[in-house]
Structures are given as C-alpha cells and as structure tokens.
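Hi,

Here is the structure I promised to pass on. Please open it alongside this email; my notes follow below.

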Amino acid sequence: MTKPELLAPAGDYACFRAALKAGADAVYLGGRLYGARAFAGNFSEEEVVEALKEAHFYGKKIYLTVNTLMRQEELDGLEGFMAPFWEAGLDGAIVQDVGALSVLQRRFPSLSLHASTQMTVTDAAGAEALKGLGISRVVPARELSLKEVAALRRESGLEVEIFIHGAMCYSYSGQCLFSSFLGGRSGNRGRCAQPCRQPYRILDENGREYPAGNGAAGQGRKSARPSREGGVPEFYPLSLKDMCTLDILPELMDAGVDSFKIEGRMKKPEYVAGVTSVYRRRIDALSERFESEGRKKVLSDFPEEDGGRGILHSLYIRSGPGEGYYSRHNGREMITLTRPGYAGTDEGILERIRQEVMEPPLEVPVFLEACLREGEPSLLSARDEEGSRISVLGDRAVKAQKRPVTEDEVEKRLRKSGGSGFYVKELQIEMDKDIFLPVSSLNELRRSALNALKKKRIEAHMPSRPEQKGKERTGPLSVRENRIADGRAAGKRSGGVREGALPAFHATVVTPKQLEACLAAGVSRIYLPASRMDGKMKDAMERAGETSLFRETELFRETSLFRETELFRETSLFRETELFLSLPVIWRRETRQELSFVRELLDTGRFAGVQVGSLSALPWLERQGWKGSVAFDHRIYIWNRQTLEFWKDRADTWCAPLELNRRDVYALLKEEGPENEVLSYGRVPMMVTANCIYKTMGKCKKEPGGCRRGALADRYGVRFPVRADCRFCYNIIYNSVPLSLHDYAQEMAQNGVSALRFDFLSEDERETEGILSSFRAALSGEACEVSYPFTTGHFKKGAY
C-alpha cells in the first residue's frame, strides 16, 4: 500500500512553518489573488517563492490555490501572476475555472493541475470530463461516500485528494450562491459570509413549522439556544459538524486515496501544527502495520491513538465532530442544531503544541568529510541521506607559526550548523599536524558547503520542467461533434439573436399547469426536469400532443395555435416549441440506477434536447449515443472567453452565470459561440445539498421519484423555498424572491441575448401567463409594471 500524502493548510507563513514541522508532505496556500480564502492572511509573491525554496529543501511540495471563478480582466492577468511561481518550481495548482485551466495548460504545460472541490466532481464521469483539461488530480465533492471515493479513484485513473479534517459546507462546493445573493459576498470568489451558520426554522409545504416534540425537532428543542429576542429557541439546520476521520483512517487508506487534506487556511498556526502532527503519527503507524501485518488484520483491529482525539477535539472545532459523508448520505447526527460556533480551545493543549511541535527546529541530517593538508586548499564534502552530495574548496592550510589548530577546534567549527536547516549527524576529519587555518576560514568553508548542498536539495525536489510546446486542447466529449457529423445540427443558429429578431422565450416548468401555460403562450423551448416527470406531467404532455400544440412524433415540433395571430407576427416569439429534458443537477454512483428512468424518457423521442447542469452528464450522453441538442445550465460556469472557447463545440446553448454583471455578460455574447440565454425570471437556486431538511427533522418518507416542498424561515421571517428531489436524493434551497430582469429586456435584446429564460417554481397558471406577458410588453417597449417582489440579483454590479 502506498502511503498517502498528508496535505496541510497555510493561511500565512507562520502556518506554513507549522505544517512543515508537524510532518506535512505538502502544503496548500494562496497568493494575493485568485484564492478561495480572500480573508486569510495569504502570501505575497516573495513569500510564495521563499516558501517554495524552503519546502523543496525539506523535500515537501506546495500547491497554490487558484480556485476562484475569474472575470475576463482577471484571467488576462493569470499568466503573469503564475510565472514567478512556475520558475521557482511550483508543484501544482488547485483550480476551479475552466478558462484558468486552459490558460495554465497552454502556458505551463508540465504544471500539475488539480480540479478543486469547487468543480463539484461527484463521480468518475465528472473526472473523465476533466481529463481533457489537463487535470492530473481531482478533489471530489466532500459529500461522496467512501465507496464512491474508491470507485472514482479506480475508474478515473486520476489521483484523488480528499478532506479528512475540518469545517464542512452544507452545500455542494461550487453550488452555493447563498452568501452571494444575500450579502454580495460570493463563495465562488472566496468571500463566503457563512449564512449556513445562521438560525432557521423548517416549514412544511403549508407554511407550518414542524412542531416541537415531534421526531428530531423535539429532541433538539430541549437544549436549544434562546433567540436574541428571548423568544423561540434558535436552530441551525444548515450548520454541519466539523469532520474528524481519525477513527476511519484505515478504511480511507484502503480506498487507495492519494492525498489526505486538512481544511483550515483561516485557522491559527497551533491548529495547523496540532492537527497535522496527530494525523502524521496515525498515518505512519497505519502504514507500518499495513506492511507488517497485512490489510485484513489492520482493517479488523486497530487500537485508538493515545491522546490524538483529545488534541483534535480541543483545537477550534465545532461541538460533536463527525466523520462527514464517508459512511452516510445525510442525517440529523451530522448537524450542529443548537451550537454552530466553535468550542473553546484548551490553552494547555496549545502550549503543549508550541513546545513539542512548533518550537523545536526542523533540521535535515548532513554527513561531512573534511580534508586539511598543508599547502593545499581546504576541502569539505557534504551529503544528505537522499544521495545529494557536494564538495567545496576553501582557504589553504599553512604550517603553524605559533599554535596549530586542533582537530577538536575544527570539529567545533564545522558542527556549528545552527540556522542552516541542517544538523551534522556524522563528521570525519583528515588533517595534517602542525597546520593552521583561521576560524573565519573554517566558518566560511562550512557555510559554503551547507549552502551548496541546500541549493542542490532544492533543485532535486523541484518538479521537472521539460521543454514542451503548448498542448492542443483535446476535448473529452464529442456529443455535439457527433451530431454535426450526423447532419442533425444543420440550420441551427449560433451566437446571438438574429438581426431584427427578438430573443426567444425558454422556460423551465415543474407543474402541468405551467407547461400548459407556456405552450399556450408560445414559449419556444420548455425545460422539463427529469425528477418532475411523474404521471401528471406525462398526462399533460399527452393532452398537449392531442391538441396539436406540438406534434409528438417529431424532434422539432411546430405550434400552430397562435401562428396567424397579430401577436405572433409582431414579436416572432412563437416559432416552434422544443421540449428539453433537464438532467439531474447532481450525479452520484449511489443513484446511478435512476439513470435508466432518464434513458427511458429520452428514448420516447419527445425531447429535442437535454439541459445539462453537471459535467458528469456529458460522458454519459456520449455513451448513450445521444444525437440531440445540448443546453448548458448556468451551473456550468462560463465567466470568460477562454471557457466559452473550450465549450463552444460541446453545447448548442449556454446560459449566462448568475454572478456576472451585465457588462461582463454582454462582452461574452460578442464572442463566437453557440446561442445563449439569460435567466430573466425565476427563483435563484441558492444551494444544492446532499443533506435533507426533512431527514434532519425526522420527516424523511423515502418516496422514490417524489419531490417534496417546504421552506426555511430565517430569524426575520424571510422564507426560502426548499425542494427535495427524492429520486436523486438532494435538496435545492431557493431565494426568497424571484430574480426579474424585465427592466432590462430591451437592453438584453439590443446586446445580442438569444433567449430570455424563465424558471418557474411555485407559480400557478395565471401567474405564469402574466409573467410571460409582462416580458413581452417590456420587449415591445411598453411600460412594464409587476405585482410581485423581485431582485435583479448581480445583473447590475456583479458578485465580489
């Protein structure tokens, strides 16, 4: 069994030093830009370069976090930002943005690129999609089970890095817009304000709070924290316990994971030193036992490490730490319902960590051989335990005129290695009698030898930088390319809206009434979520087919109900109605059996295309031989032209990300690419979560194929709708008010928006019709007044 890498965090240089002294094999840290911990101390350019030298001297690695989404002007500066670190021997970069991956792969072709957990990789298919981006390692979503992690490693062939300790996000990383839309601080930009640590009440579909005394809710209320107003107790159903995997390390190592990662770039040096040292001892002990006793024995019987758990539980950890998702999909036992803050830290433990880990010097053993001959240059050879060896010459030794230098004096000077990073483990001296060499010459000889060996060690541990030309991008997917070759995409428009035409209307519907309203209103494309394709929705589709609103035997159906009306001739909105099947947002190995249901829906021939919100869907579609259209949801982030360039041959439609302002969106629309759409109305999905609010409250009914409705209410009474997808087992938490860009409808049309998208959730038939009508009026220049509360989101200013 290969011993996994132990990867420690460093928010500043003190934490970096603490990680090295505690035994980390590698350290991840952020520079002044592009890192997902904007409020950590972070490192200047000079500090990163110096840290690389120090890490390589000790035989360790450094991975730089470049894991935020990047606007165009930011991405344009990435190459210059990274160049000094590349030259200094940077070992790897942790990346979220596809455009950033493209730039780094082209400019620094041998740099190891790691897919950040922010990319929401949940299975081998998602990892497979990233291979074409030059990825060598993937940090999968923290929600994966141990079995899923092992399968991902086995099936993808990529290195896998997993979290083993630290704070946990409630949302799938990369799928959270909660902080961004509530306070303007984007988690995708490293500025999360942690709204998941705030109190909320859980409401049922009728708006009633789950009563105290029933199920899990009652169990928690007895010890709940009083509210600030002294009234109803506060609950924290989105606040996950911190992860601590000390007891399941044997199973994690057996899964073949390549790197064990500790969370905590916002934590203090004592945390880094203490946590890293505990896991270092545990991993080393396990590795020895795996080698000497065998896998079966170790997995069946491994004693607890004396004192390790006590140290971990005393270091900035939320009450009652858990083991994360490795052995469970979700559950109340994972939540800190009543105490979301950090527990107190034992000062005695901190002092012990300082004395035992942080204060002792970190030194490399060196073996010295000195040769001093009369009339010849002094010679000192130095080697380390890894085989690096150097020899240096110094001043000539001369015949002593008075008192000769003794061997003891030579040894004393040559062993004086303090501050060099070395300690002299062995020293051999060969010298003539009655010779003299000044103390200053001996000191200079030692310094020269140790500096030369240090330089050689640093070079030996730097990654190789072979001369390579920029690689041509070879995409991992060919769904759309196959379709083009098949001739099915002929005549499809690309880029923005055609000259003189107004944007099309695309809509997501989740109820039969919404479907009927959109068909009647002439919406040109309708997205139908696979999880909502129950009997009632299928019946609605059948009824629509019978009324000739669309012909169900054709892939591209034309409608005729309003084709001769004045409204159609004025707006050209009612061209054709395409049905697209919206594929699951999250793809998991444990729900793979549900994909047969999706396959059956596609085989009906009723869907002209699919909407994709996860990279995992693309390899799956290729394997299914899918020849229809592919529309990217806004969850596949396209923030810059490099990302658009990479994906443009793999999708027929892309949706503008929800955190870009309109200036950045319009700039992207000028680039050559597939048709685009902008979410113009709908409740923004703020979180996608593996944990379930109903399971937390003891109300999970395990309804296969069902979709439950409810809400969260914050301390001010603001309600956030929640939909539980029971078929694919995840929750989506939506914003309290819908996004509505009706005031920008004409502006969007003038700037090349191909389609306005409407995501309907709880709207009834009349509300759906009214919203569509309001936007038509806005497009025609009429005054548009709406009766519903709304937000314009980030369309004006963008997220920071």
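C655 is buried, because its relative accessibility is 1% and the cut-off for buried is under 20%. Keep in mind that this is a predicted model.

C192 is another cysteine to look at. Its relative accessible area is 36%, so C192 is partly exposed. The structure holds zero of them. C192 is accordingly in no disulfide, and the nearest cysteine sulfur, that of C176, lies 5.8 Å away.

Now the core. The largest nonpolar core has 240 residues. Within this core, F16, L78 and M82 touch the most other members. Helix α11 (residues 269–293) gives the largest share, nine residues. Take a look at F16 in particular. Leaving aside residues up to four places away in sequence, F16 touches A10, V27, L29, F43, A51, E54, A55 and I62. In general, nonpolar side chains tend to be buried together in soluble globular proteins.

Then the sheet. Five strands make an open sheet, ordered β8-β25-β26-β27-β24, with antiparallel pairing. The edges are β8 (200–203) and β24 (685–689). Each has a single partner strand, so one side of each is left without a neighbour in the sheet. From one strand to the next, the twist averages 25°.

Strands β25 (residues 707–714) and β26 (residues 719–725) pair in the antiparallel sense over seven bridges. There, R708 stands opposite A724 in β26.

Best wishes

Conventions:
Residues numbered from 1 in each chain as written. Predicted model: local features only at pLDDT ≥ 70, side-chain atom pairs only at ≥ 80, totals over all residues. Heavy atoms only, no water. Core = buried A, V, L, I, M, F, W, Y, C linked by side-chain atoms within 4.5 Å. Buried < 20%, exposed > 50% of the residue type's maximum accessible area, 1.4 Å probe, protein only. Helix = DSSP H or I, 4+ residues; strand = E, 2+ residues; numbered from the N terminus. Contact = heavy atoms within 4.5 Å. Pairing = 2+ DSSP bridges. Axes fitted to C-alpha atoms, helices over the stretch in contact; angles between N-to-C directions. Disulfide = S-S within 2.5 Å.
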